[in-house]
Structures are given as structure tokens and as C-alpha cells.
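The sequence and the structure are shown first.

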Amino acid sequence: MTVSVGVFRPDDARLTQAVELLEELGTEPVPDPMLAVEPTDAIPRSDADYTVLTSKTGVELAAHAGWTPPGAVCAIGSSTADSLRAYGYSVDIIPDQFTSSGLVAALSDRVDGARVDVARSDHGSPVLTDGLEDAGAYVHETVLYRLTRPPRAGVSTELAATGEIDAVLFTSSLTVDHFLDAASERGLRETAIDGLGDAVIGAIGPPTQRTAENAGIDVDVVSDRADFEALARTVVDRLSERV
């Protein structure tokens, strides 16, 4: 029996790659982009002692703008670090825990009096900036891109409401929020949440898990690594246990 998996990546190469992976894993992907990337044309500062990049998207935008790091480069997560290296950047700091709080812990004894630029989307968590300021850093936030919800997003919410989706992959808190917004616009919020009760729900880390569970969506799987492939494989493994 083929199982269906909702995938919410932006409608670009990331969605194509996600669909290909899920097909290779023997599932039927339900592509439903919940995020659209709108670049701001900003670039990271040229005078920071530490620059923090939090996503592959941010790295790509900085690299295409010709940014040259003025100091140490910090990456949250292995996929961000891999993207930095692919563009020829050195990665100086990667936290053991791939979260905002993990990076704060990694930098807290280094940044007192230092200039730190956090280059990311407009939906970044204040945990990172507040934590670095508490550690004594002079923090600047560069918004490299905005994340919006595509107007036609939501086919997965209709399938969830009728119990026709077997798993979903939430890759950020914002994908949870946009899923629920799309369901609400269709008058399906509560029935979609109820319909996910029998599905395997994957979250890419504790912050995304908390957002989902605070909204009433029980999370079954939190990937050990903060990247899409790890999440997808873990969710498909859990699905196979149910068959």
C-alpha cells in the first residue's frame, strides 16, 4: 500500500528534491508549498566580528550578492554549514545543538563586547538575538529575505480534513502556522487537526514540535538532525512500522 506524505518546501529546487526523495522512499508525495522566499536585497554587514547564518537560503542570497565575511562565520546546522562550504566560505562555529539556544550556548563566552550580525529571514526567533545580547554582544539583525505563504497553498489541509494523508513533514514553525492558516481559510482548521490524529507527524526540531503541539497537533517524530532528508527518512521508517 502506498502512503501519502505532505511536503511543504518552497516551490523551487528544494521541493523538487524533496518529492524525488519521497518517491525513492516508496511514498506518494503531496507537494503543497507553504513558503515563498522574497529576497530583500540586503547583505550581511561588513564590520561584524561574528556573522550568523541560519539557513541555506540565506547563504545563497549572501553569496550571490558577493558578500565577503569580515570575521568568524557561524552556522546553525549542518545543511547551512555545507552550503557555506559549497560557496567557498569557511565555517568557524557550528553548535552541538542545531538551534538558536544551542548557538547562544556556543557563543556566550566569546561575544562579550563583540559585534554580531544575525543574517536570516524576517521570521527569526528572538531567542538568538536576545541570548547574544544577554551575553554582552552588540547584535545587529540583517533580514535577507521574507517568508510568505503562497496564495494557493492548502491542498494538504483538505486531505488532512478527510483523513486521506498518512504523514506530514513540518520543516519550520512557519510551515505549521501557514498550514493552519490555509486550513482556517477553508473552514477546516479543527477538522484538519483532527484528521492528522491518525497520521505520522514529523517536525524538524524542538521549536517546530512545540509550535505544532501548542496548536493541538501531536508530533510523532522529531529528527535527530536538522535537515529535510533526515526528517523524511525517519518519518517513512515510522510509517513502515505501522503497515
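## Contact between the domains

In this predicted model, seven residues of domain 1 are in contact with six residues of domain 2. The area buried between domain 1 and domain 2 is about 610 Å², and 62% of it lies on carbon and sulfur atoms. By class, the domain 1 side that touches domain 2 consists of three nonpolar, one polar and three charged residues.

How many salt bridges are there between domain 1 and domain 2? The count is zero. For polar contact between domain 1 and domain 2, the count is one residue pair, with both residues at pLDDT 80 or more.

## Domain layout

According to the domain assignment of the protein chain, domain 1 comprises 4–35 + 150–242, and domain 2 comprises 38–147. The centres of domain 1 and domain 2, taken over C-alpha atoms, are separated by 27 Å.

## The five-stranded sheet

Five strands form an open sheet in the order β2-β1-β8-β9-β10, and their pairing is parallel. At the edges are β2 (28–31) and β10 (221–222), each of which pairs on one side only.

Strand β1 (residues 4–7) runs parallel to β2, and four bridges join the two. Within this pairing, V7 has P31 of β2 as its bridge partner. As a general point, side chains in a regular strand alternate between the two faces of the sheet.

## Strand pairing around β7

Which strands pair with β7, and in what sense? Strand β3 (residues 36–39) is joined to strand β7 (residues 138–148) by four bridges, and these two strands run antiparallel. In this arrangement A36 stands opposite T148 of β7.

Strand β6 (residues 115–121) also pairs with β7, but in the parallel sense and over seven bridges. Here D117 has H140 in β7 as its bridge partner.

Conventions:
Residues numbered from 1 in each chain as written. Predicted model: local features only at pLDDT ≥ 70, side-chain atom pairs only at ≥ 80, totals over all residues. Heavy atoms only, no water. Pairing = 2+ DSSP bridges. Domains from an automatic or database assignment. Contact = heavy atoms within 4.5 Å. Buried area = accessible area lost by both parts, 1.4 Å probe. Salt bridge = Lys/Arg side-chain N within 4 Å of Asp/Glu carboxyl O. Polar contact = N/O pair within 3.5 Å; in protein donor to acceptor, adjacent residues only side chain to side chain. Nonpolar A, V, L, I, M, F, W, Y, C, P; charged D, E, K, R; others polar.
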